[in-house]
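Take your time at each stop before moving on.

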Amino acid sequence: MIDETIADADERMQKSIASLDDAFKKIRTGRAHPDILDSVQVSYYGSDTPLSQLANVTVEEGRSLIISPWEKPMIGEIEKAIMKSDLGLNPSNNGDTIRVPMPPLTEETRKEYTKQAKAEAENARIAIRNIRRDANSDFKELEKEKEISEDEQHRAEDQVQKITNKHIATIESSFQAKEADLLSF
């Protein structure tokens with residue numbers, strides 16, 4: 001019972017970190033990266049479809065993205081979807097491909113994106129701590145019902161704390177890497 005609760009807590013914490021990584025991908029830096037377009041949904045025969053399923057996205061010279069749709073008639077729809085997204089990008093098409101230049105970040109936008117990244121990291125830390133709290137309350141409940149001893153409860157809580165510390169450290173290093181990426185010129 002204890003091992004299952006610990007494994008469940010660890011798995012949920014890993015999902016929180018994966019969610020943080022996805023959030024960080026959406027915060028753009030000055031460099032072009034295909035992941036920035038992961039959230040773009042294109043209307044494809046009446047249903048919203050991820051851009052990655054409709055086109056090939058490549059980086060050109062580190063400062064712009066080139067989108068090559070697999071079906072040429074989709075160029076207009078893809079261009080509209082990118083403009084509608086909240087990414088602040090201005091695509092231009094030449095009939096065959098779409099070029100998306102990455103505008104250079106100003107000092108102000110860099111600081112704003114850093115604040116956004118910090119908030120995302122804090123939300124992930126809170127999620128991790130909530131998972132730890134849930135696991136610890138499960139252990140207390142088991143001890144209260146005499147299914148485990150008090151010593152087993154404390155050992156289980158220590159194990160969950162170690163897992164929590166490991167995941168919080170991962171969040172911290174991810175945030176520091178994102179912050180360095182955002183603030184580098």
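**A tour by selection**

Begin by selecting Arg-125, which you will find in helix α3, and bear in mind that the model you are looking at is a predicted one. Is Arg-125 buried or exposed? Its relative accessibility is 11%, and because the cut-off for buried is under 20%, Arg-125 counts as buried. If you leave aside the neighbours within four places in sequence, the residues in contact with Arg-125 are Ile-168, Ile-171 and Glu-172.

Next, show helix α1 (residues 2–26) together with helix α3 (residues 107–144), which pack with their axes 10 Å apart and at an angle of about 170°. Angles over 145 degrees count as roughly antiparallel, and α1 and α3 are therefore roughly antiparallel to each other. To see the contact itself, select residues that make it, including Ile-6, Met-13 and Leu-20 of α1 and Ala-121, Ile-128 and Asp-138 of α3. The residues of this contact divide into 15 nonpolar, 2 polar and 5 charged.

Now turn to the largest nonpolar core, which has 25 residues, and select Ile-2, Ile-6, Phe-24, Ile-27, Ala-117, Phe-139 and Ile-171, the ones that touch the most other members. Two or more residues of this core come from each of α1, α3 and α4 (150–183), and α3 gives the most, with 9 residues.

Stay with Phe-139 for a moment: apart from neighbours within four places in sequence, Phe-139 is in contact with several residues, among them Ile-2, Ile-6, Ile-148 and Val-160. Finally, select Val-40, Ala-55, Leu-65 and Leu-89, which are included in a second, separate core of 21 residues.

Definitions and conventions:
Residues numbered from 1 in each chain as written. Predicted model: local features only at pLDDT ≥ 70, side-chain atom pairs only at ≥ 80, totals over all residues. Heavy atoms only, no water. Axes fitted to C-alpha atoms, helices over the stretch in contact; angles between N-to-C directions. Helix = DSSP H or I, 4+ residues; strand = E, 2+ residues; numbered from the N terminus. Parallel < 35°, antiparallel > 145°, perpendicular 65-115°, else oblique. Contact = heavy atoms within 4.5 Å. Nonpolar A, V, L, I, M, F, W, Y, C, P; charged D, E, K, R; others polar. Core = buried A, V, L, I, M, F, W, Y, C linked by side-chain atoms within 4.5 Å. Buried < 20%, exposed > 50% of the residue type's maximum accessible area, 1.4 Å probe, protein only.
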